[in-house]
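Here's a quick briefing to read with the model open beside you. Have a look at the fold, then go through the points below.

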Amino acid sequence: MKKPVGRFAPSPTGLLHLGNAWSFFLAWLAARAEGGRIILRHEDIDPARSRKEWMDAIERDLLWLGLDWDEGPDDGPHAPYRQSRSSGFYESALESLKARGFVYPCYCTRKELRTLAGAPHGAADGLGDAGAAYPGACRNLTEKERAQKEAEGRRPALRLLCPDGDTESFTDLVLGPQRLTLKECGGDFALRRSDGVWAYQLAVVVDDMRMEVTQVVRGEDILLSTPRQLLLYRFLGGTPPAFAHIPLLHDARGERLAKRHKSLSIAALREAGCSPEAVAGRLAHLAGLQERPGPVRPAALAERIGGPFPWHLLPKGRILVPDGAERIWK
């Protein structure tokens with residue numbers, strides 16, 4: 001049996017926090033426990049938000065935690081490992097999809113999409129990080145109608161024409177059998193934004209394909225992106241990886257940990273005197289891998305697992321991290 005190839009795929013838009021570390025910790029263990037490999041890829045596709053200093057900080061924090069990698073961020077057989085330098089790969093995939101009639105221009109603004117969907121600004125649409133449901137407004141425009149919109153100065157996004165009634169099925173390593181329609185996941189989705197920035201779904205699939213990733217560990221908030229990506233794998237002729245959508249860490253108020261939780265960044269924990277073994281031990285305890293949150297090195301934990309990761313040990317639902325965690329993680 002081939003050994004797994006996992007990956008870290010951080011967005012360098014801020015400091016690494018506990019929620020990120022939780023995902024990367026489990027991704028690393030799942031690969032290393034079976035003698036597999038880890039790739040580090042910076043998803044710096046949005047130039048307005050990504051910064052090199054965040055990339056350097058993320059790499060420093062990962063290594064401090066004891067989470068190393070085999071490829072990236074600058075060297076390896078699948079370079080480049082930065083999405084900002086990978087446009088040629090995305091362009092090639094897009095042209096392949098265009099040639100088969102799977103792409104069409106969409107001239108809707110975000111405001112128009114919210115209006116068409118009947119959702120007020122900032123309202124939840126039930127799709128989580130998959131984005132707002134697309135109502136199909138530009139799906140059947142004639143060439144004349146498209147020309148008129150471009151004459152008005154509108155720059156189109158490019159969307160994937162999802163087959164009507166398409167259903168994607170897969171068995172998640174954590175959540176078990178899944179069966180979702182593309183309509184449930186938002187319908188026709190963007191491949192490239194109107195400002196020319198590549199969309200997440202296309203970039204991730206193209207990168208995971210060319211880097212030969214076989215195992216993806218990420219938060220359960222990304223679950224509705226998976227059917228979209230499975231469709232792209234099929235259209236592009238790739239073999240999809242195994243997916244593990246893990247429960248998310250939340251603060252004491254029930255809010256998902258994010259970059260705004262600066263006191264729970266890895267840098268803040270380090271500055272507060274926490275040891276990397278203590279942080280790893282707490283994460284291992286949260287994952288059901290240790291009865292007590294005692295200190296442990298990730299390498300020792302991977303050796304202890306010594307085989308396929310025991311996904312069934314993960315708790316169900318959200319996981320709470322109490323206030324003042326910078327003290328209890330020592």
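This is a predicted model: local features need pLDDT of at least 70, side-chain atom pairs count only at pLDDT 80 or more; totals for chains, interfaces and linings use all residues.

An unreviewed UniProt entry marks residues 10-20 as a short sequence motif, the 'HIGH' region.

**Overall build**
- The chain has eleven helices and eleven strands, and its C-alpha trace spans about 65 × 45 × 40 Å along the principal axes.
- A compact globule of 330 residues would have a radius of gyration near 20 Å, so the chain's 21 Å agrees.
- Of the contacts between residues at least 6 apart in sequence, 78% link residues at least 24 apart.

- Some 52% of the 330 residues count as buried.
- The largest nonpolar core holds 44 residues, and Phe8, Leu18, Trp22, Phe25, Leu26, Leu62 and Trp311 have the most contacts inside it.
- Elements supplying at least two residues each to this core include β2 (37-40), α2 (52-65) and β9 (242-246), but α1 gives the most, with eleven.
- Trp22 also touches residues beyond four places away in sequence, among them Ile246, Pro247, Leu283 and Ile319.
- A second, separate core has 23 residues, including Tyr90, Val103, Cys162 and Leu232.
- The chain exposes about 15,500 Å², with carbon and sulfur atoms supplying 51% of that.

**Confidence**
- The average pLDDT is 92, and 92% of the residues score at least 70.
- Residues 120-130 fall below 50, although the stretch has 19 contacts beyond near neighbours in sequence in the model.

Notes:
Residues are numbered from 1 along each chain as its sequence is written. Side-chain values use heavy atoms; hydrogens and water are left out. A nonpolar core is a set of buried Ala, Val, Leu, Ile, Met, Phe, Trp, Tyr and Cys residues joined through side-chain atoms within 4.5 Å. Buried means under 20% relative accessible area, exposed over 50%, partly exposed in between (1.4 Å probe, protein chains only). Helices (H or I, at least four residues) and strands (E, at least two) are DSSP runs, numbered from the N terminus. Contact means heavy atoms within 4.5 Å. UniProt positions are given in the numbering used here, feature names are shortened, and annotations may be inferred rather than shown by experiment. pLDDT is the predictor's confidence in each residue, from 0 to 100. The radius of gyration is taken over C-alpha atoms; the globule rule is 2.2 Å times the number of residues to the power 0.38. Accessible areas come from the Shrake-Rupley method with a 1.4 Å probe; for residues, only the protein chains shown count as cover.
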